[in-house]
Amino acid sequence: MTRPVRIPTRISADVDHGHAELVGDPDRPQAWTLLVDGTAQSHVDLDDPTHLEFEYVRRLGHVVDLIAPPTRPLRVLHLGGGGWTLARYVAVTRPGSPQTVVEIDAGLADLVGSRLPADGLGIDVLVADARAALTQVAASVDLLVLDVFAGARTPSHLTSREFVAAAARTLAPGGVYAANVADGGELAFARTQVAAAAGVFAELAVIAAPEILSGRRFGNLVLVGSDAGLPVAGLTRRASADPFRATVLDDGGARRFARGAVAPEDRAATPSPIPPPGFFGQ
């Protein structure tokens, strides 16, 4: 018997920094894609918060799964709110995890909170600029996730060496920094981001699809850094088993990837590149 396909529902609202839409997923009855000014920001399944639709978010989920024993709570700071997808995943897979999501757009935070509620999951939302929030939240987190986009680009004040150093100062001993980096072609921007992290962390890893690393398409790389060891073997197993496989560069590979790139300082930092037309659209 053929299952009927739900006609997608669309909810639109003007928020503080643009126009937001929630578009229903025809294949998952309680799932929604959040778009801001036409850019897909998040996918959330209210019935199953462990479902991670976007490739790079699945890779961040692997980091969450592997940096501590299963189910052990983690203190997590999410810079960039979107639909709070990864925060929901942490809350369900690691119950009792203290988490703060930083979102600069109060209207967007209100829309997500009312239409995609996360009641009972213990997620605190702070309306603030991501970098400014580093001085407003309690230090000593186990995981800091950077996933901030203004439109389709990460703002320049979140791409500098000074920013990475400030983020590292919020980490507890052995804590992990994980950043979503969007780039394509020769990956010049991504190389500067790895270079910035290389000057701060003792160990690095980069997770990305082979066609992104080879410059054949634009996409998302996940940059991971820590002063303790990273679960590179586990990440490699998980990434190779994903529906869309990824390559994991270990510390040596990540540093070779960044060789010759200059870590940008605040005064010279730039936003992430403009993606090709339609890349983030729905």
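Visitor: Where is Glu265 in this predicted model?
Guide: Glu265 sits in the segment after α9 (251-257).

Visitor: What makes Glu265 partly exposed?
Guide: Glu265 has a relative accessible area of 28%. Buried needs under 20% and exposed needs over 50%, so with 28% Glu265 falls in between and is called partly exposed.

Visitor: Which residues does Glu265 touch, leaving aside those up to four places away in sequence?
Guide: Ser160, Arg161 and Glu162. Contact means heavy atoms within 4.5 Å. As for Val137, Glu265 is 128 residues from it in sequence and 24 Å from it in space, C-alpha to C-alpha.

Visitor: On to the rings. How many aromatic pairs does the structure hold?
Guide: There are 2.

Visitor: Why is the pair of Phe54 and Tyr56 called tilted?
Guide: The ring centres are 6.5 Å apart, and the limit for a pair is within 6.5 Å. The planes stand at 40°. Stacked needs under 30 degrees and edge-to-face needs over 60, so 40° leaves tilted.

Visitor: Is Tyr56 buried or exposed?
Guide: Buried: the relative accessible area of Tyr56 is 8%, and the cut-off is under 20%.

Visitor: And what makes Tyr177 and Phe201 a stacked pair?
Guide: Their centres are 5.5 Å apart and their planes are at 20°. That angle is under 30 degrees, so the pair counts as stacked. Tyr177 belongs to strand β9 and Phe201 to the loop between α6 (188-198) and β10, so the pair ties together parts 24 residues apart in sequence. Tyr177 and Phe201 are both buried.

Visitor: How do you know that the charged end of Arg191 sits over the ring of Phe257?
Guide: The charged end is 4.4 Å from the ring centre, and the distance cut-off is within 6 Å. There is an angle test too, within 35 degrees of the ring normal; the pair is listed as sitting over the ring.

Visitor: What about Trp84?
Guide: Trp84 is not a glycine either, and has a positive phi of about 60°. The loop between β5 (76-79) and α2 (85-93) holds Trp84. At 8% relative accessible area, Trp84 is under 20% and therefore buried.

Visitor: How do α1 and α2 cross?
Guide: Their axes come within 10 Å and cross at roughly 35°, and the crossing is right-handed. Val57, Leu60, Gly61, Val64 and Asp65 in α1 meet Thr85, Leu86, Tyr89 and Val90 in α2.

Visitor: At what angle does α1 pack with α8?
Guide: About 140°, with the axes of α1 and helix α8 (residues 232-241) 10 Å apart. Here too the crossing is right-handed. On the α1 side the contact uses His62, Val63, Asp65 and Leu66; on the α8 side, Gly234, Leu235, Arg238 and Ala239.

Visitor: Which strands does α1 lie across?
Guide: β8 (141-146), β9 (171-183), β10 (203-208) and β11 (219-226), with α1 running at about 20° to β11.

Visitor: What is the strand order in the open sheet of 8 strands?
Guide: β7-β6-β5-β8-β9-β11-β10-β12, with mixed pairing.

Visitor: Why do β7 and β12 stand at the edges?
Guide: β7 (123-127) and β12 (247-249) each have a single partner strand, so one side of each has no neighbour in the sheet. The twist averages 15° from one strand to the next.

Visitor: How do you know that β6 and β7 pair?
Guide: Strand β6 (residues 99-103) and β7 share 5 bridges in the parallel sense, and pairing takes at least two. Glu103, for instance, has Val127 in β7 as its bridge partner.

Technical notes:
Residues numbered from 1 in each chain as written. Predicted model: local features only at pLDDT ≥ 70, side-chain atom pairs only at ≥ 80, totals over all residues. Heavy atoms only, no water. Helix = DSSP H or I, 4+ residues; strand = E, 2+ residues; numbered from the N terminus. Axes fitted to C-alpha atoms, helices over the stretch in contact; angles between N-to-C directions. Phe/Tyr/Trp six-rings, centres within 6.5 Å; stacked < 30°, edge-to-face > 60°. Buried < 20%, exposed > 50% of the residue type's maximum accessible area, 1.4 Å probe, protein only. Left-handed = near helix turned anticlockwise from the far one by under 90°.
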